[in-house]
Amino acid sequence: MIQNILKTIRGQAKSVADLERALAQIDIPRLEADAEKLEDDRRQTLLDGSDKDVEAVERKIEIANREIERAYAARSELERRIERARNAEADQVKVARYDAAKAQSDAAAKELRKAYPDIGKRFVALLQTIAAAQIAVEEANRNLPDGATPLQDPEVAVRAKLGEPEKTISEETVDVWCYSNARDIQVLPEDEQVELNAKYRGSDQGVISSGSAGGFTTVSRRRLIRRSYVPRTTNVLPSRLTAIGLPGLKVGDPAFWDAPAYSDARTVLAILARLADARPRN
């Protein structure tokens, strides 16, 4: 067994798994137990055997003790190599992760250099198109043809969430108890409805305690329409695209778009013209 383990140690560099398998094969307690048994045999041979027999046992004891020493040495060496192999494998993982991250970063940087300027130019062109259309819509709406519907801002038309009118889901006619003298319709709670229905079966008038000592309040059974509905919603306008800032590619480069705190379409076109003058001509 030890010889096979020594071959593992003497051979080429092994993986952590190979070294751990070799380490698991080292059974020092068994080797020491075998050596102790040989010592028992030697003591008995001293009494019963010849000098040659004693020498034979002592030779076995010598070999067994050498195996124990080799086992201890092999265990120490394997533990050292396992630690070193683990560190090496950890370093390989770090290197692989580093190389992968560098490749990903280089690819992202390449794409940024290539794509961002084009994105900036297309965004600027989009802002110009929208602003010009907004001015045209504003001027057309100022003097509409007879019967024409006012035009909608193009960005609002595309990006706003338009409101919807109230929508009825269901309607049903119900008889319910209400306060008789209330200025508007006030329906009593459900538990009192059940009690009044049982108490005034076949009648549309009744009384309930007003809460004061001996006081009563008159109530009437009324026929109403119970309606389930979705409430109307209002328009939700988007934040303008002009609120998005788009800096130049590098620090110090002119911005593709500087987002002002507030701007109308004509201001947008003026800012775009100023920024275009600041950028170098290709």
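1. The crossing of H2 and H4 is left-handed. This note concerns a predicted model. Helix H2 spans residues 16-25 and packs on H4 at an angle of about 160 degrees, the two axes lying 9 Å apart. Because angles over 145 degrees count as roughly antiparallel, H2 is described as roughly antiparallel to H4.

2. The residues that form this contact can be listed for each helix. On the H2 side they are Val-16, Leu-19, Glu-20, Ala-22 and Leu-23. Their partners in H4 are Arg-75, Leu-78, Glu-79, Arg-81, Ile-82, Ala-85, Arg-86 and Glu-89. By class, the contact of H2 with H4 comprises seven nonpolar and six charged residues, with no polar ones.

3. Helix H3 (residues 28-48) also packs against helix H4 (residues 51-142). The angle is about 165 degrees, and the axes are 9 Å apart. H3 is therefore roughly antiparallel to H4. The crossing of H3 and H4 is left-handed. Twelve nonpolar, two polar and nine charged residues make up the contact of H3 with H4.

4. H4 packs with H7 as well, at an angle of about 145 degrees and with 8 Å between the axes. The crossing of H4 and H7 is left-handed.

5. The contact of H4 with H7 may be described residue by residue. H4 contributes Val-124, Leu-127, Gln-128, Ala-131, Gln-134, Ile-135, Glu-138 and Glu-139. H7 contributes Ala-265, Arg-266, Val-268, Leu-269 and Leu-272. Sorted by class, the residues of this contact are eight nonpolar, two polar and three charged.

6. Thr-242 deserves a separate point. This residue lies in the loop between strand S3 (216-230) and helix H7 (265-278). Is Thr-242 buried or exposed? The relative accessible area of Thr-242 is 15%; because buried means under 20%, Thr-242 counts as buried.

7. Which residues is Thr-242 in contact with, leaving aside its neighbours within four places in sequence? They are Leu-127, Trp-257, Ala-259, Pro-260, Ser-263 and Val-268. Of these contacts of Thr-242, Leu-127 and Val-268 also belong to the contact of H4 with H7, Leu-127 in H4 and Val-268 in H7.

Terms used: Residues are numbered from 1 along each chain as its sequence is written. This is a predicted model: local features need pLDDT of at least 70, side-chain atom pairs count only at pLDDT 80 or more; totals for chains, interfaces and linings use all residues. Side-chain values use heavy atoms; hydrogens and water are left out. Axes are lines fitted to C-alpha atoms, for helices over the stretch in contact, and angles run from 0 to 180 degrees between N-to-C directions. Helices (H or I, at least four residues) and strands (E, at least two) are DSSP runs, numbered from the N terminus. Angles under 35 degrees count as roughly parallel, over 145 as roughly antiparallel, 65 to 115 as roughly perpendicular and the rest as oblique. A crossing is left-handed if the near helix is turned anticlockwise from the far one by less than a right angle, and right-handed if clockwise. Ala, Val, Leu, Ile, Met, Phe, Trp, Tyr, Cys and Pro count as nonpolar, Asp, Glu, Lys and Arg as charged, and the others, Gly among them, as polar. Contact means heavy atoms within 4.5 Å. Buried means under 20% relative accessible area, exposed over 50%, partly exposed in between (1.4 Å probe, protein chains only).
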